[in-house]
Amino acid sequence: MNKSIKLLVGLCLSVIPLAMRGQGLDPSLLAKPATDSWPTYAGDYSQRRYSSLKQINQANIKGLTLAWISKLPIGAGGGGGFPGVGSESAPTIVGGEATGSVAIAGPPPRVGGAILQVNGILYMSAPDNAWAVDARDGVVLWHYFWKTKGGTHIGNRGMAMVGNWLFFETPDDYLVSVDAKTGKERWHKEIADFNQEYFSTAAPIAIENHLIVGTGDDLDAPGFLQSFDPETGALQWKFYTVPMKPGDPGLDTWKNLDAASHGGAQTWMPGSYDPETHLYIFSTGNPVPAYTSETRGPGDNLYTCSLIALNIDTGKMSWYFQTSPHDTHDWDSTQAPVLVDGVFAGKPRKMVMQAARNGYFFVIDRINGEHLLTSKYSGAANWAAGIDKRGKVVRDPEKDSTFAGSLVSPDNGGATNWPPPSFDPDTGLFYVQLRESYAMYYLTESNPRLVTGLGGKEEDAVGSLGPSLVAIDYKTGNIAWKYRFPGATSSPVGITGLLTTAGKLLFSSDMAGNLVAYDPSTGTPLWHSHVGSISNAPETYLLDGRQYILVAVGDSLLAFTLGQ
Amino acid sequence: MKSRLVAILFVPGLIYIALAQTSPPTSSQTVAPTAAPGPQTAPAAPAGPGGGRLLPPAYPARPPADPAVVQHGKQVFAVSCGFCHGSDARGGETGPNLVRSQLVLDDQHGELISSVIRNGRMDKGMPKFEMGDTDISDIATFLHSLPTNIRGLPSSAPINILIGDAKAGEEYFNGHGKCNTCHSVSGDLAGIGAKYDPKTLQNLLVSGGGGGSGFGGGTGSASRVPPTTVTVTLPSGRKYEGKLAHLDAFNVALTSGEAYRSFAINSGTPKVEVHNPLQPHIDMLPNFKDTDIHNLTAYLVTVK
């Protein structure tokens with residue numbers, strides 16, 4: 001190619017941004033810290049949810065204003081009674097293996113997970129639905145609708161992208177690949193057994209020539225993580241998170257093989273990836289039966305409620321650390337494992353950090369799994385007797401669910417839950433939305449043989465100290481600051497996740513309908529906009545020289561930028 | 001084969017509605033409920049008996065079977081299979097739990113189960129059984145009649161939650177617990193032991209009647225707890241008082257009779273004082289001991 005043609009191509013690209021549309025995802029973006037685009041679940045593999053963008057910053061935050069709002073079409077009928085900007089002309093592509101129609105109870109689909117931003121297009125999903133939206137103006141470009149066989153429609157955490165292909169999971173356990181340009185389906189593949197009540201909500205993660213796919217189950221099926229070929233959908237490896245046969249490691253922590261192989265440890269949240277070590281680090285859900293634990297034996301029940309590091313090419317475990325040994329409250333430890341490079345005890349370390357649903361914060365060396373720190377970040381958490389020398393949280397059996405009732409914090413929702421935390425390398429602080437709620441936990445079935453999954457228990461909410469935003473100093477485990485959200489003291493409320501940026505800003509919902517920018521050093525609110533019930537973690541991207549802050553409110557997207 | 005079965009399972013949409021009412025499928029993957037009503041807010045899902053949000057069930061549900069067939073299947077099962085699998089089919093010393101076995105879950109009318117019964121599973125120590133078609137299909141019907149999941153179902157045997165000491169509860173009420181500073185068993189709590197079942201009463205004495213719902217759920221309870229009120233003091237010294245309608249870092253709103261007032265908050269102005277009548281109960285939560293809770297319940301059920 002000679003110089004003048006190069007120049008011409010360059011001019012076309014800069015003058016006509018539409019020419020960029022439909023170009024595939026540059027794979028090198030995935031391995032870099034989040035900047036202009038948002039090519040994977042957390043913006044990058046580290047799950048810090050920290051963007052190096054700083055066009056929007058503390059000095060100009062007061063000028064942040066709404067750029068566009070877009071309401072997404074839902075269901076098979078295109079607009080489906082939800083006409084909105086751009087939705088009338090957007091094609092709806094229908095897929096799925098269901099032969100009849102299934103009435104799905106509960107709230108309509110909402111965007112609760114990640115929104116990808118690649119080459120000026122946003123890609124998002126909700127149970128049975130996926131969309132592409134123009135990132136400049138919110139116009140809906142296409143809508144994909146999956147006719148479901150059923151399954152638990154509790155959420156969808158987002159999509160993965162490889163080249164020009166998108167991937168998402170469905171509640172009835174399919175992995176679907178569609179063309180990012182048109183929304184047309186390339187293939188779908190069954191990833192788990194619907195009859196065993198698996199349901200799939202995770203965001204797949206694309207890593208080199210692997211697509212890492214997790215799933216979920218609330219009956220008593222075993223957890224597993226799978227790697228698929230992004231081109232063909234062929235299975236590359238499958239890693240079970242509980243012992244499945246005699247001789248499997250961890251079996252001695254269960255009553256017997258039957259208990260272990262029906263022991264849970266689901267993989268319903270995406271993990272993080274360290275390109276240097278080729279380790280995929282993810283975390284597992286609770287053991288089952290969740291509350292009546294005697295049929296599991298007295299042991300730790302590996303590898304439930306654990307951080308696990310797998311070699312991405314082989315699917316073999318490199319190390320694990322269990323954050324809730326022998327959990328008895330259905331507190332999945334599926335919270336984001338956040339990868340941080342920094343100094344710990346005077347030494348440079350490559351770490352993974354997690355603020356777990358049980359109210360404890362962990363720092364682990366991610367190269368070898370060495371435990372570095374355990375601290376309690378929920379003042380209310382009262383279920384444990386202490387922390388042992390190895391950093392293991394020791395449960396207090398008096399605070400298990402009981403027939404007469406136990407007053408326990410956290411409630412089942414946890415001290416936090418799957419909504420993402422954030423780590424800001426500028427402040428060195430780990431931020432998490434904290435819930436300090438209490439519940440009476442009761443066992444309601446006297447015969448343990450009858451109990452499977454989440455059965456045999458009743459939980460009654462009895463009050464809350466109120467939700468807050470906390471900043472944890474990972475070097476000490478101390479709380480650097482705690483901001484109690486005003487006005488939300490009496491009832492447990494939803495948390496939706498965080499974003500930090502190099503503009504010295506921390507974005508969060510305030511649980512009262514506001515999107516708020518806080519000072520990450522102090523927790524002081526600097527800017528807010530009342531948008532309604534925020535349903536996902538805020539994100540940011542840079543397009544045509546403008547930085548946007550993006551957030552979902554149910555079936556609507558709102559993008560903010562600086563006023564001109 | 002698969003698609004035909006799916007059609008059988010999914011055409012009757014009514015099954016899902018029935019299932020939704022009997023088995024509230026709260027999930028381990030707790031949904032984040034909406035915290036404040038916004039323009040796009042969905043109506044809140046009703047709380048199920050387990051205290052969780054009602055979420056879509058939509059797993060294969062089987063139509064109810066003829067009780068006589070279930071009973072016959074149960075008898076045949078007990079005679080030939082119960083020794084290894086347990087008479088309730090939930091597993092024994094040598095045989096696995098069949099209620100949640102993948103093969104049984106995949107089976108529709110005995111077509112998968114029959115080959116296991118007739119051929120045995122020699123590698124796993126299960127012998128062959130000679131059995132007629134009807135007996136096998138009745139065993140299948142019996143196995144399919146057992147719930148895989150007991151969520152939302154009542155206990156198979158009564159559970160007594162009254163393990164506390166009523167006398168110690170009375171002492172706590174009038175002493176260390178300081179309950180009598182706000183409450184009286186001859187006043188606001190008169191006859192309370194007759195109004196509620198013990199569990200409801202116990203939850204009420206902890207929460208004060210507030211409870212709550214969402215993100216983990218809770219039945220809460222309707223009670224006569226007075227509303228949270230707020231006093232807003234303007235820089236001029238003028239005060240507004242009323243029911244708290246909204247509070248965040250930027251706005252406070254209150255109602256008083258028909259009137260609704262909203263004030264922007266800037267740099268701590270106006271002054272906002274919230275009065276939550278349940279605050280004493282919230283303050284007790286971090287130090288409330290289960291023994292004291294159980295004793296108080298044992299005492300209050302006697303207040304009739």
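I began with the terms: two strands pair if DSSP finds at least two bridges between them, and strands (E, at least two residues) and helices (H or I, at least four) are DSSP runs numbered from the N terminus. I noted that this is a predicted model, in which local features need pLDDT of at least 70 and side-chain atom pairs count only at pLDDT 80 or more, while totals for chains, interfaces and linings use all residues. Residues are numbered from 1 along each chain as its sequence is written, and chains are lettered from A and ligands numbered from 1 in the order in which they are written.

**Hairpin in chain A.** I looked up strand 22 (residues 338-344) and strand 23 (residues 347-355) of chain A, which pair in the antiparallel sense over seven bridges. In this pairing A:Val340 has A:Met351 of strand 23 as its bridge partner. Two residues lie between the strands of this hairpin, and there A:Ala345 takes a positive phi near 50°.

**Open sheet in chain A.** I then traced a sheet of four strands in chain A, open and antiparallel in its pairing, with the order 29-30-33-34. Strand 29 (422-424) and strand 34 (479-484) each have a single partner strand, so they stand at the edges with one side left without a neighbour in the sheet. Neighbouring strands here are turned by 20° against each other on average, direction ignored. For the angles I kept in mind that axes are lines fitted to C-alpha atoms, for helices over the stretch in contact, and that angles run from 0 to 180 degrees between N-to-C directions. Strand 29 and strand 30 (residues 429-434) of chain A pair in the antiparallel sense over three bridges, and A:Asp424 has A:Leu429 in strand 30 as its bridge partner.

**A residue of strand 32.** I looked up A:Val462, which lies in strand 32 (residues 457-464) of chain A. A:Val462 is buried because 33 other C-beta atoms lie within 10 Å (buried means 20 or more other C-beta atoms within 10 Å of its own, exposed 12 or fewer, and partly exposed in between, with C-beta atoms placed from the backbone).

**Helix pair in chain B.** Last, I turned to helix 10 (residues 198-207) and helix 12 (residues 290-300) of chain B, which pack at an angle of about 120° with their axes 9 Å apart. These two helices of chain B are therefore oblique to each other (under 35 degrees counts as roughly parallel, over 145 as roughly antiparallel, 65 to 115 as roughly perpendicular and the rest as oblique).
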